[in-house]
Amino acid sequence: MSATTAALRPRLVKRLLPSRATRLAVRIGAVAAAFVAAALFLLLAGNPIGPVFSALWSGSFGSAYGQAQTILAAIPLVFTSLAVAIAFRMLLWNIGAEGQFYFGAFGAAAVAYAWPEWPGPLLLTAMVLGGMLGGALWALVPGALRAYLGVNEIVPTLLLNYVAILWVDYLVNTAWRDPESLGFPLGVPFSAQATLPQLGDTAVHAGAIIAVIAALVIAVILRKTIWGYKIKVIGENRRAARYAGFSITRNIVGVMLLSGALAGVGGMVEVSGTVHRIQADISPGFGYTGIIVATLARFSPLLILPVALLFGALITGGVELQTIGLPSDIVLMLQGTILFFALAGELLVHYRIEWRRQAQTGSEGEPGAAGRAHPGAMPSGT
Amino acid sequence: MSTHDPGPAEGAVELRGIVKRFPGIVANDNVDFSVARGEVHALLGENGAGKTTLMSILSGAYRPDAGTVSVGGRTMSFRSPKQAIEAGIGMVHQHFRLVQPLSVAENVLLGAPSTFRLAGNATEDRVAELAEAYGIRVNPSAKIWQLSVGEQQRVEILKALFREASVLILDEPTAVLTPQEATHLFSIMRRIASEDRAVIFISHKLDEVMAVADRVTVLRAGRGVATLTIGESDKANLARLMVGREVMFRVARSDHDAGAPRLTVKGLIATGDLGLPALRDVTLEVRAGEILGVAGVAGNGQRELTEVIAGLRPAISGTVAIGGRDLSASTPAERISAGLGYVPEDRLGTGLIPSLGCIDNVMLKRTDEFARGFFINKQAAEAATSELVDRFDVKTSSLHSPVSLMSGGNIQKLLLARELSAGPGALVVAQPTAGLDVGATEAIRRLLLEQRDAGVAVLLVSEDLDELLSLCDRIAVMYEGKVMGVVGAAGADREQIGLMMAGTASDPA
C-alpha cells in the first residue's frame, strides 16, 4: 500500500538506553555545530571568518605561549566546574562558585600574609587549607539554610557572590593594599614561598596538577565511596534516600561544604599560581563559566578536564582577537552557542530521528503506518 | 491489506493482525480482537500481556506497526487520541485525567466538541440528566477534589458518555474500588451495553470478568490466545489460558499460634500530604508469626500508617514500638536497624531507584554491610546481589542495568528480597501484589507466608480483599483514618468487611 506521493518525513523515536558512543558523538557534534552556527552569524555580521578562527586557534592552542595561557585559564575553571558538578549530583544548584572562589582566595591570602616566611611546602599546604576553609564557609551559609530551613539555594549562593567580591575589594583597598600599587586595588605581593612553583620551564604552575588531582579525587568519591553512593541516591531519588535512612540534611551540608571547598581551592590556586597576590577582579566569571563547563561535561568530574580546556582556549583566544582589532565578546557568543547546541543536542541523546516515507494521499489504515513516539509513553507493564 | 472490511453488521470494533513493537519487546504480536455492539467484552491477561497497549492503539495513543483498526465497519488510522474520540472511542484510564479544582459538570464538558463557553447551570442539568439515565451516582456541582476515587471514575465514564462514545474502554477500573462500588460500576457497565454500545473491560481479575462480561478475549505474552463466551468458560479454564499453566488459587497456609506482640502502634494521629487528618487514633498490634491485614479503600490512611511506622512521616501523637522498644522518636535508620523491614506501596519511587541497577538497589538498605572504610566493597555487593537474585528468582538481563527495565513482578521480588535479606523482626508490606501477574503474585504471597511461619510479624496493607482473606490471620479494616474493627480472617464475612470499608460497620467482631 505504498502511496504514489510519498514524502520523507522526520519523526522522533525514543532511545531506551542511549549508548556511550551515541552520547559522545552527539556532544562532539553539538560543539562542532555551534562553531558552524557561530561562523554563519559572524559572516552575517560582516566579520571575516578566517581571521577570527585562526586568531582563536593561534591564541589558544596554536603557539606554546597560547597553550600555556589556555591551561592557566582552564585551571580555575576545573575547580569551579567541579564545585558546580558535585552539588548538582545532589540536584543542588550552586550558583555561588564565584563567591566561594573569591573567599577561597581570601582565605589563602590571609594565610600567606600571616606566615610569609614559612617554608614553601608547609605554607602552600596551609594556603590550600585556608582556601578550602574560606570556600567551604561561604557555601555553608546557603547549604545550612537549604538543609535546615528548606530555603532554595540558588538565590543565596548567587547573592553571596557579590558580598564575597566586595569583601575582597574592600581588603585590597584597605588593610592588604600594596603601597606601591599606585591606587590600583591590588594586595601586597606574596612572598616567594607563597607562590606555586612553575612546571619545568613553562608558564604553567603546579595548580594544573592540583586540578587534575582534584578531579580524580572527586571521581573516586562519586564512584567508589559510600558517601558518593549516598550522594547519587539522594540526587536520583530523595524519597528513596529517606526510606533507606540516609540523612538528607547532613548530606546537603556535607556536599555544599565540599563544593565550596573546591571553588575555594580554585581561588587559592589562582592567587598563588597566576596572580601572585590578591587583588580585585581575580575572576572574569570563572564561577559562572563553571556552570556551563559542568553542564557540558554532564557533571562528570573527568569530562570536566577536557571541557575546561576548551573553555580556557576560548578565553585566551578572545584575548588574541582583541589584538587583531575584533571584539573579544565573540568568545562569549561562542560559549553561549556551544551551551545552546549542547542542551538542544540532549534531545538527540534520548531520541533519534527517523526518516520515513509516509503516504500523503488520504488513504487510511495503511499497514505499517508509522506510529508516533509519545514522550513518556511506555509499553504497559513489562 | 484490506481497505474496506465489511465485518459483521453489529461489529463495533474490529482489530486485525495488530503488531506493536517497543525496543526489546513485541507488546502486541498479530492480535485479532473484535467487539460487538451491546456486549461487555473483557480483555483478560497478566500484566505485560499487552492489554493496555492494544487498547492504546484503539484509542489513538499509539499507532500500530502493522494491522488494521476499524470502528463501526470503517477502517481507521488514528493519528491522535482526539481522532479516536471523534470516532466514538472513549477510554477511562487507570490514572484519571480530571481537573481537580473544577466541578464534575465542568470536567465532563472539557474537551467536548464545540464547547467554547461553559454555560453554567444548564450544563449541570444536562450532566445530571445523563448521570441519572445510566444510574450513575455523582453530584454534578461537586468539585473533583471533594470526590472519592470511585466517584472520580464515574466522572470519567460520564465524560466518555457525554462525548457520545459508542465504545467505552475501562482500564482495570476496579483496582481502586470497594466491593460495593465495583458492583455499582458493573451495573453501570451493563446499562451502557444495553444501549447498543460496546464496553471493553480490561482486567486480570477472573471473578470480575465472570461476573460482568458477555465474552472474554485472553491475551498472553502479546498474543491473542482465545475468545470465549462467558457461558462456555470457567475460572480455572480462563486462568490456564491467561497464565499458560494450572494455577493454585489458595496458597497453602499452615496453622500455628502467633507469639508475643512484636510490632505495636498505639493512638497514632498523623496528617496526610495536604495537612488533613489521615490517621485518627490508630492502635494495632502485630504478633510474631502472624500476618495482620489492613483492609480499606485506597486513601483511608493506610499509606500514612505505613509511613509513620517506617519513620517517614511524623506522628502528631502516639507510639510505635518493635519488640517492646519504643521507636516513636527514632529516625528511619534507627528503625531499620531495630529490625523493621518495609516494602512501600510506591515500589519504584520509594522502595527502589528506577535508574539504578540491582546492585545499587540492594545496597540501598545495606550500605554499612558493603562498606570497607569509606569505600564500597563492590565484590561483596555484587556477590550478595547475585545470590539474592538467584535465591528469589529475579529475572534480569544484567545486575547493572536499570531496574526500571525489569517487569513489575521482578521489581517487587527484588525489593522483597532485599528487605527479607536483612532478617527483619517486623515487616510492613503495602500492596505487595498490586499490578503483578498471577505467577509473581503467587511467589510474593508464598514469601510472605514463609516469613510468617518463620516468626516475623507481618503487617500487610492491601486493597485486594481476597489476598487478605487468603494470607492473613486477622484483618483490620480502616476507614477515614480509623480502625473500624479487627476480624479473624478464618470465616470472615466479605460483606461485613465491605461494609466496614465503607464506614458503616459498627462493632468489631
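A residue is termed buried when its relative accessible area is under 20%, exposed when it is over 50%, and partly exposed in between (1.4 Å probe, protein chains only). The model is predicted, so that local features need pLDDT of at least 70 and side-chain atom pairs count only at pLDDT 80 or more, while totals for chains, interfaces and linings use all residues. Residues are numbered from 1 along each chain as its sequence is written, chains are lettered from A and ligands numbered from 1 in the order in which they are written, and side-chain values use heavy atoms, with hydrogens and water left out.

Helices are DSSP runs (H or I, at least four residues), numbered from the N terminus. In chain A, helix H2 comprises the twelve residues 49-60; at 1.5 Å a residue it should span 16 Å, and its end C-alpha atoms, 17 Å apart, agree with this. The expected span is 1.5 Å times one less than the number of residues. Within H2(A), the buried residues are A:Val52, A:Ala55, A:Leu56, A:Gly59 and A:Ser60. Seen down the helix axis, the buried residues of H2(A) fall within an arc of 110° and therefore line one face, the arc being that of the directions from the axis to the C-beta atoms. Their cover includes H1 (20-44), H3 (64-88), H12 (301-323) and H13 (329-350) of chain A, where contact means heavy atoms within 4.5 Å.

Two loop residues have a positive phi without being glycine. A:Leu91, with a phi of about 60°, is found between H3 and H4 (97-114) of chain A and is partly exposed at 44%. B:Asp393, likewise with a phi of about 60°, lies between H13 (378-391) and H14 (408-421) of chain B and is partly exposed at 42%.

Side chains of opposite charge can pair when their charged atoms come close. With a salt bridge defined as a side-chain nitrogen of Lys or Arg within 4 Å of a carboxyl oxygen of Asp or Glu, the count over all chains is 33. In helix H5 (149-162) of chain B, B:Lys159 and B:Glu156 lie three residues apart, about one turn, and their closest N and O atoms are 3.5 Å apart. B:Lys159 is buried at 10%, as is B:Glu156 at 6%. In H9 (302-310) of chain B, B:Glu307 and B:Arg303 are four residues apart, about one helical turn, and form a salt bridge at 3.0 Å. B:Glu307 is buried at 7%, whereas B:Arg303 is partly exposed at 30%. A network of salt bridges links A:Arg239, B:Asp273, B:Arg303, B:Glu304, B:Glu307, B:Arg313 and B:Asp346.
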